[in-house]
Amino acid sequence: MQSLADIETEYSFLEADDRYRLLIDLGRELEPMPDPLKTDATLVRGCSASVWVYPMARDDGTLHFLADSNAAITKGIIALVLLAVQDQPAAAILATDIPQQLAPFDLSKQLSSNRTQGIPNMIALIRETAARYATG
């Protein structure tokens, strides 16, 4: 997967329709999430589409997230969010200002409010997960 900075550079040169396509393509690149992991416990609340995020602690102390959504653009948004934190230690995830990392994408201007309203909930779930592993 590309870095967030690489995607930001590409994104900044695109027109609105192409930005949608880029987000959809990012969602398609997500590692598949097995259906049995799509449960009420992994469901992100407050999203207009269904979004699931499943954390896995790795032996090296990093967290790896699987995610999926039933909406292509929302799947791209969660892919973008994950690029800010994927495969990092819990303490590093807690220290990451995810909204600041996403700010250059200006998603609130690119997407309808019902598409972006769930982003803080996605971030909160990731931060809560990292906090559990950081103290655990």
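These legends walk through several close-up views of a predicted model. Because the model is predicted, local features need pLDDT of at least 70 and side-chain atom pairs count only at pLDDT 80 or more, while totals for chains, interfaces and linings use all residues. Residues are numbered from 1 along each chain as its sequence is written, and side-chain values use heavy atoms, with hydrogens and water left out.

View 1. Helices (H or I, at least four residues) and strands (E, at least two) are DSSP runs, numbered from the N terminus. Helix α3 covers residues 72–83. Its 12 residues should span 16 Å at 1.5 Å a residue, and the end C-alpha atoms are 17 Å apart, which agrees; the expected span is 1.5 Å times one less than the number of residues. Here "buried" means under 20% relative accessible area, "exposed" over 50%, and "partly exposed" in between, with a 1.4 Å probe and protein chains only. Of the 12 residues of α3, 10 are buried, so the helix is largely enclosed by the rest of the structure. Among them are Ile 73, Thr 74, Gly 76 and Leu 83.

**View 2. Leu 80 and its neighbours.** Leu 80 is located in helix α3 and, at 1% relative accessibility, counts as buried. Which residues does Leu 80 touch, not counting residues up to four places away in sequence? With contact taken as heavy atoms within 4.5 Å, the partners of Leu 80 are Leu 4, Ile 7, Leu 23, Leu 26, Leu 102, Phe 105 and Leu 107. Look for Ser 3 as well: Leu 80 and Ser 3 are 77 residues apart in sequence, with 9.6 Å between their C-alpha atoms.

**View 3. Helix α2 against helix α3.** Two packed helices are described by the angle between their axes and the distance between the axes. The axes are lines fitted to C-alpha atoms, for helices over the stretch in contact, and angles run from 0 to 180 degrees between N-to-C directions. Helix α2 (residues 16–28) packs on α3 at an angle of about 75 degrees, and the axes are 7 Å apart. That makes α2 roughly perpendicular to α3. For these words, angles under 35 degrees count as roughly parallel, over 145 as roughly antiparallel, 65 to 115 as roughly perpendicular, and the rest as oblique. On the α2 side you will find Tyr 20, Leu 23, Ile 24, Leu 26 and Gly 27, which meet α3 residues including Ala 72, Lys 75 and Ala 79. The residues of this contact divide into nine nonpolar, two polar and one charged. In this sorting, Ala, Val, Leu, Ile, Met, Phe, Trp, Tyr, Cys and Pro count as nonpolar, Asp, Glu, Lys and Arg as charged, and the others, Gly among them, as polar.

**View 4. Helix α3 beside helix α8.** Helix α8 takes in residues 119–135, and its axis is 11 Å from that of α3, at an angle of about 40 degrees. The two helices are therefore oblique to each other. Thr 74, Ile 77, Ile 78, Val 81 and Leu 82 in α3 meet Ile 119, Met 122, Ile 123 and Ile 126 in α8. By class, this contact has eight nonpolar, one polar and no charged residues.

**View 5. Helix α1 alongside helix α2.** Helix α1 (residues 4–12) and α2 pack at an angle of about 155 degrees, with 10 Å between their axes. That makes α1 roughly antiparallel to α2. Ile 7, Glu 10, Tyr 11 and Ser 12 in α1 meet Arg 19, Leu 22, Leu 23 and Leu 26 in α2. Five nonpolar, one polar and two charged residues make up this contact.

**View 6. Gln 110 and Ala 16.** Gln 110 sits in helix α6 (residues 107–110) and is buried, with a relative accessible area of 18%. Not counting residues up to four places away in sequence, Gln 110 touches Tyr 11, Ala 16, Arg 19, Tyr 20 and Phe 105. Ala 16 belongs to helix α2 and is partly exposed, at 40% relative accessible area.

**View 7. Two loop residues with positive phi.** Asp 87 lies in the loop between α3 and β3 (88–89), and its phi is near 60 degrees, a positive value in a residue other than glycine. Asp 106, in the loop between α5 (98–102) and α6, has a positive phi of about 45 degrees although it is not a glycine. Asp 87 counts as partly exposed at 34% relative accessibility, and Asp 106 counts as partly exposed at 31%.
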